[in-house]
Amino acid sequence: MSPRRPLSVLLAACVLVGTVTGCENSVESGSMSLAPTRTATSSSSAPAPPPQKLVLAVDKPRQSPGVVVAGGADAPYNYAPSVLREGGRIRAWWCSQLGSAQPGGDDILYSEGPTLDAAFSAAAPVFSGSHSGFDAMHVCDPSVIHVGGTYYMYYTAASRDNHANGSAVGVATSPDGVVWTRANNGQPIIVPSNDVLRENTYGAGQQSAVHVDGWFYLMFTDTTGRGAQPNGAGQFVLRSRDPLFGKGVQALGDGGMAPVASTNRPRARSVVEAFSADWMWIDAVSAFAIAHETDAGTTVTFWDKDFTRHPFDPVLIPGVWREGPGLVRTAEGHAPIDPADPCGRVSLDVLRATAIGAAGAPTDIRHFGLDAVGLRGCATTAEVGALNGYTVPSPENTADVVVGDKVVRFERRSVAVKFSRGVLAERPAVVDSLPVAVRVPAGAQAVRAPDGEVGLVLDDKLWIVDSAEVAALNSSPVKDVTAGQWARYERGRFS
């Protein structure tokens, strides 16, 4: 079967020949209007000045020695990956086309690997056109997140080639990220707003999803949006607590996030002048990071949670590109926590197409990345989640392990370390605001179930430990109990 033009090829061509320079200047773009500033009526009512915007340092530049994601077989193009770091693997979904996957149109392929720098497993098609409806022929530009035991894949779709403003956004669900079922009764969740009809007739799509504080956020292209540039470039934002965006939808406008009657209400405000962008949430600084392509590589632009200011200057991940950066994210679309410096450093890694292939479309996906340093994060209780599982010094000459919004205080540091994902030499000030959930004194009573499981009894609750070795390290005597006695204990948790 001769390869068809990919769903985003018109858009990609526009990016390659006409919009990159515009994207380069997007950080201070006039398309990103802020909420109006109020004039203070007296000095006592004057708002506090916003925090100073920081310039981040970068280090540890890196890139894969070769292609890591490829379609194989007769796949003529490979681009727009969605990438999760999950369960000790790197998982990738991307847009391609295989002759074996019917109907003949864009498909979504999947593969995985142990690292970002070696070739992934052989690609397999996991989602294709439905043969009917809005996604009859093309499905492309996947964005995958894993929330509450369900994988959600937001995808761009079209019913045919040469579809004037016909692209729309759909959603599918999966228990494992491989076997997918169309959701929302097979209907789109976002369609073009048709605010402005432009020469670029792509429509709506190229979405990226994150899950933050119970909200599903979608950032997406709409070449018909009022806030888009003349060439159609722009990224709009919706959010809802419903992953299908069927109720409680809010849209980002000049005054911030506000309720809207439908997902295609007029789109007035774009957060970055770009196509095919991806984003993630950085817990340590309560900020979004948006990756989009510019002349020299992938630029990462930062927004605070309310989209009122840029907390940091942009960061550039240099190197060759052709389209579609996919940020390496955690299951819910967050930035991975740096194990040694969770509050001051963030890894910015992307997979992106690096060549134009035989079909005249992007392919040869490689890895590029670096670390951004100097975040000054973990400053508020909203950001303390970045410290979850870390051991920090305690004011009582003991050791505290951050567990959610509390701390567990261990008399012996060596025991605390057993329950930690990392150990920090200094205590972040925000930890002082967290209550002590429980204290673990040396010699606390331990009990053992008939199946060998061991726990410490603390304040009449049972706190499960990995093994009797931990109890021994804490000098805790171990008492054997019956299955009934074990089951009657109220449970505490160390993580």
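Strand 22 (residues 390-393) and strand 25 run parallel and are joined by 2 bridges; two strands count as paired if DSSP finds at least two bridges between them. Strands here are DSSP runs of E of at least two residues and helices are runs of H or I of at least four residues, both numbered from the N terminus. The model is a predicted one, in which local features need pLDDT of at least 70, side-chain atom pairs count only at pLDDT 80 or more, and totals for chains, interfaces and linings use all residues. Residues are numbered from 1 along each chain as its sequence is written, and side-chain values use heavy atoms, with hydrogens and water left out.

The pair belongs to an open sheet of 5 strands with mixed pairing, arranged in the order 25-22-23-24-26. Strand 25 (422-423) and strand 26 (436-440) each have a single partner strand and stand at the edges, so one side of each has no neighbour in the sheet. Strands of a sheet pair through backbone hydrogen bonds, in either a parallel or an antiparallel manner.

## Overall composition

The protein contains 4 helices and 31 strands. Of its 495 residues, 55% count as buried, where buried means under 20% relative accessible area, exposed over 50%, and partly exposed in between (1.4 Å probe, protein chains only). The protein exposes about 19,900 Å², and carbon and sulfur atoms supply 51% of this area; accessible areas come from the Shrake-Rupley method with a 1.4 Å probe, and for residues only the protein chains shown count as cover.

Among contacts in the protein with a separation of 6 or more, 63% are between residues 24 or more positions apart. A contact means heavy atoms within 4.5 Å.

Strand 21 (residues 362-373) is largely enclosed by the rest of the structure, because 10 of its 12 residues are buried. Strand 20 (residues 345-356) is joined to strand 21 by 11 bridges, and the two run antiparallel. Bridge partners in this pairing include Arg345 with Val373 of strand 21 and Ile356 with Pro362 of strand 21. The two strands form a hairpin with 5 residues between them, and Gly360 in the turn has a positive phi of about 70°.

Strand 20 is also mostly covered, with 10 of its 12 residues buried. Antiparallel pairing through 3 bridges connects strand 19 to strand 20, and Gly326 stands opposite Leu351 of strand 20. Strand 1 (residues 57-63) runs antiparallel to strand 21, with 5 bridges between them; Asp59 faces Asp371 of strand 21 in this pairing.

The structure holds 3 cavities of 30 Å³ or more. On a 1 Å grid over the protein atoms alone, a cavity is a set of points where a 1.4 Å probe fits but cannot get out, and lining residues have an atom within 4 Å of a point. Grid points are joined across faces, edges and corners, and a volume is the space filled by probe spheres set on the points. The largest cavity has a volume of about 110 Å³. Its lining comprises 14 residues, of which Ala80, Pro81, Pro142, Gln207 and Ala277 lie nearest its centre. At least two lining residues come from each of strand 2 (79-86), strand 6 (138-147), strand 10 (204-212) and strand 19 (323-329). The lining of the largest cavity divides into 5 nonpolar, 7 polar and 2 charged residues, where Ala, Val, Leu, Ile, Met, Phe, Trp, Tyr, Cys and Pro count as nonpolar, Asp, Glu, Lys and Arg as charged, and the others, Gly among them, as polar.

The second largest cavity contains about 60 Å³ of space. Among the residues that line this second cavity are Asp283, Asp338, Arg345, Val346 and Leu375. Its lining divides into 8 nonpolar, no polar and 3 charged residues.

## The surroundings of Ser475

Ser475 is located in the loop between helix 3 (468-473) and strand 30 (478-480). Ser475 has a relative accessibility of 42% and therefore counts as partly exposed. Leaving aside neighbours within four places in sequence, Ser475 is in contact with Arg412 and Gly443. The C-alpha atoms of Ser475 and Arg412 are separated by 9.9 Å, with the two residues 63 residues apart along the chain.

Conventions. 1 Å grid on protein atoms, 1.4 Å probe; cavity = no way out; pocket = protein on both sides within 12 Å on 5 of 7 lines; lining within 4 Å.
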